[in-house]
Every structure is written in structure tokens, then in C-alpha cells.
Amino acid sequence: MHCMYMRDCDGMPDPAQRDLLMRQEASRQTGGQIVLTAAEQKLDAYLHRLKEQEMSAAQFPPAIHFFKAKHLIQRSSIFKLLQKMPKGAALHVHSSALVSVDWLVKNVTYRPHCYVCFTWDSSVRFLFSARPPPPRWDCFSWQLLQTLRGKLGDPTGFDNSLMQHLTLFTQDPDGEYPNQDVVWEKFEKAFIAAAGLITHAPVLRDYFYKGLEELHQDNIMYLELRSGLSRTYELDGTIHDKVWTLKTLQEVTTKFTADHPDFLGARVIFVHEKSLKVKAAVQEAIQLQKDFPDVVAGFDMVGREDSGRTLWYFREALSLPAELGATLPYFFHAGETDDEGTDIDQNILDALLFNTSRIGHGYALARHPLSKELAKKKNVAVELCPISNQVLKLVSDLRNHPATVLMSEGHPMVISSDDPSLFGTSGLSYDFYQAFVGIGGFKANLGTLKELAANSIRYSSLPAHLKEKGHVAWETKWDAFVADNCC
Ligand SMILES: [Zn+2]
């Protein structure tokens, strides 16, 4: 049979048609619509060459556990560029894991009046106190760190052992964390261990300032911090409430932005553990948001999703703002699970039905086609935290992360770090690296990075005029970054 038109035959497909289809598909991905300037194209070509080198090397960092890949990433030329890149905002970071444990141990635990106690379950507690603290149920004997260190021959070894209690980072992640239960247990212990240090009122100020500094150093200009606004304590035992903590975060932010005028600021997403008092927490959040509209962005619930209650279980509490005619934006963690078809697996849909502003993780979103459509229609971004997902054992090789699907479809997305101090990261560069090199593969280009960074302002909780200001400031930084590195 004779073919009139190539496309009607089983023979060689039309190369022009094939090119067109490939371009059409590429245009759907994150950043696929962005038209790169000449300078951006040069930088993009350079990045592509670097990626070719890294992807053909014997060890490919995104395929390896981050704890074992970190030193490889630090040597990567792509990573070094990402550190210089203006990344916009960090929208998913928990307050207890904001600052590197190195600083906590080397700075905070060296302050006067810091007591330590080693618990029966081989964890550690800290407490600042004017006099020796009395025994507690979990702590029988407190030792003044200054005295203890004086008696020790190897303070560096001791400090390293303290750090081990405050982070998940280890040289042997596969041996130490054989499954999700073990890693989550250590995760929760580390939070409790750090609490005694961070909730000391004078420490909190320095801690938060230091946290903003670490972000700023990584070229981040704005933060949305998930915080339970824990009560803080003074040396004499005085306790401050949530409002004090909120005001302190506000004061520190004001001071930091005065010292660093290119930093936009920080807002708080008030979080509550998934427990039975959710109604009271929602009420509290409504009040806090009403009293501090500039600082409080909204509400979220935290805790291990797989072993906690579902969002649907709390539907009455979560309907409260609407019932009261109040507005309380939600920023729910949802879909941080590998389990398909469970009640927990419906959290993404319920988060959307409760009009969540963004989805924390959304790891399960790619396998919920309807929720995915709904999220896209409502323009609800996913907060992708690749290293968190890998360390908490949802995925091992990041090339298999479900966000590959979301990214190839241009699903609204931002990159964040979740719990930097627990994972041994700082800023967003490590997570950007994993998203750009591992999840994005060869397809992800400079347009992808540009869109991801711009998205962080676009999908932030900032009011329109501040978003505009933030975007303009970010764009200026972006152009300078491209000009400095393209040629
Ligand atoms: Zn989180």
C-alpha cells in the first residue's frame, strides 16, 4: 500500500511532528512557559553541562540517602550555584528545627545556668535554672553543664554526643533507622530534647535571629514558620504565654529586617499537635490571627500523619471559623504517606475541601487524580520537601519521588526544608538541589528554578501589595544572579 501522508502510516514518524510534541510536553512542566533571556540561556546551558557531569558520575547524590550524599552535594558545582541563587521564601519550616544543632550545642549549651539530664530512654533534657532543678518523672539527676564539662577529658566528643540527641543526622542512616517507626521515634525525641534549650526566653530571641540569619545567608528573603508558640521560661521560673512568644518573634523579625533591609520578614503558621483539643486550638488560632493579622498567617496540625487522626475526624473543629463567620487560613500537612487507600490517604482531599491555602508535602497527591485537578483549579501549591521525605523513609531514590509527575505537569509547587536542623541541612539549597537534579532530572532547567523561586512569593500568605514588593525585590536579585554567573 502506498502512503499519501507520513502520519497515516506505520513507517517513520514525522521528525517535525515529533519535535513539536516534545516541545509541547516540555512546555507543561514547572517553568515550561518561561521564556529565558539570552543571559539566562547561557546560564541554562552551563547548568545543563554540569548536570551531565553529575548524572554520569559514579555516585549520583539524589539516589543516595542524604546523610551519605551531603558531602558529595557540598562539592557539587550546581549546589554552589544554587546557594548563590535568590530562592525567594521558605514556606514550610518548623520552629523547633530552624537552627543548626551545631549552634545549639556550641553556643546555647555553653551559656551559664544550663543543666542537662540523661533520661532512662537514652535521650537528653536541658533546662536553664538559677538553682539545681528538682528531679522530674523523666529526669532524676540534673548536672550543671559547666561543671560536667570541667570533669570531662574530651569536650569535643561530649559535644558531638549532645548533637546526636538533637538531630537525625548520622553516618549510618540505614542501620540506625531500619523503618519509619524507628526514624519517627528518634524524630520526636529530638524535638523534646531541643525544647528545653529553645523555650528559654533569652535563648528564643537569639535562636530565631540566628534562624533568620541562616536563611538570609542562603539567599532566602522571607519565611513562613510553623510554630506551636510554646510557652517560654525565664531563669527564675517565670512562664510566658503564646502571645509573648508571638510578640517576641515579631520583635526579632523587626530587628532582623532593620539589620538586613533586603529581608522581607517572617510570618507564623500556628500549629497544633493532632490531639483531642483541636477545637480549643482552632479558637485560639482565630483569636491570634485577629489580634496579630500581620504576623499570624493561619493554622495547621502537626504530628506523624500515618499514626494520627485524620483531618476528617476533626471536621467539626475545622468548620468552626466558618460557623463563627471568622477567617482562618489553613496550611495543612496532608498526604505525607506511602499508604494508599487508607483513611489517612484522604487527607489531601479533605484539606482541599477545607480550602487549605497550600498542601504540606502532598506526597500522595500524584496518585489522587481528582484531588490533583481540584488543587490545580484552586491554585493550591504543594510544599515539596524532598530531603524530609527521603529521611523519613517515604522514598529512597529521589528520582522515584512522585513529585516527578507533579513537576512534569507544572503543578503549583514550592520547595522547602521542613526540619533543617534534624536533617543536617541549612536554608533551601540542599532541597533545591534534590528537586532540580534528582526529581527534575535533565528536564528541569533554569526556567524550572526561576518558577520555583517565584512561586515561593506567589504562594506565600503575604497580602497582595507585599507580594508585589517581594516579587520585584526578588526579580532584581535574580537578574543580578544571572548576570554574575552566566558568562
Ligand atoms: Zn512539616
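Colleague: Which residue in β8 is the bridge partner of serine 227?

Modeller: Phenylalanine 270 is that partner. This is a predicted model: local features need pLDDT of at least 70, side-chain atom pairs count only at pLDDT 80 or more, and totals for chains, interfaces and linings use all residues. Residues are numbered from 1 along each chain as its sequence is written.

Colleague: What makes β5 and β8 a pair?

Modeller: Two strands pair if DSSP finds at least two bridges between them. Strand β5 (residues 220–227) and β8 are joined by 6 bridges and run parallel. Strands are DSSP runs of E, at least two residues; helices are runs of H or I, at least four; both are numbered from the N terminus.

Colleague: How do you know that β8 is largely enclosed?

Modeller: A residue is buried if 20 or more other C-beta atoms, placed from the backbone, lie within 10 Å of its own. In β8 (residues 265–273), 8 of the 9 residues are buried, so the rest of the structure largely encloses this strand.

Colleague: What is the largest nonpolar core?

Modeller: A nonpolar core is a set of buried Ala, Val, Leu, Ile, Met, Phe, Trp, Tyr and Cys residues joined through C-beta atoms within 7 Å. The largest has 120 residues, and Phe270 is one of those with the most contacts inside it. Helix α19 (residues 429–439) gives the most, with 7 residues.

Colleague: Why is this core said to lie between domain 1 and domain 2?

Modeller: Domain 1 (79–99 + 201–482) and domain 2 (103–186) both give residues to this core, so it lies between them. The domain bounds come from an automatic or database domain assignment.

How values were computed. Buried ≥ 20, exposed ≤ 12 C-beta atoms within 10 Å, placed from the backbone.
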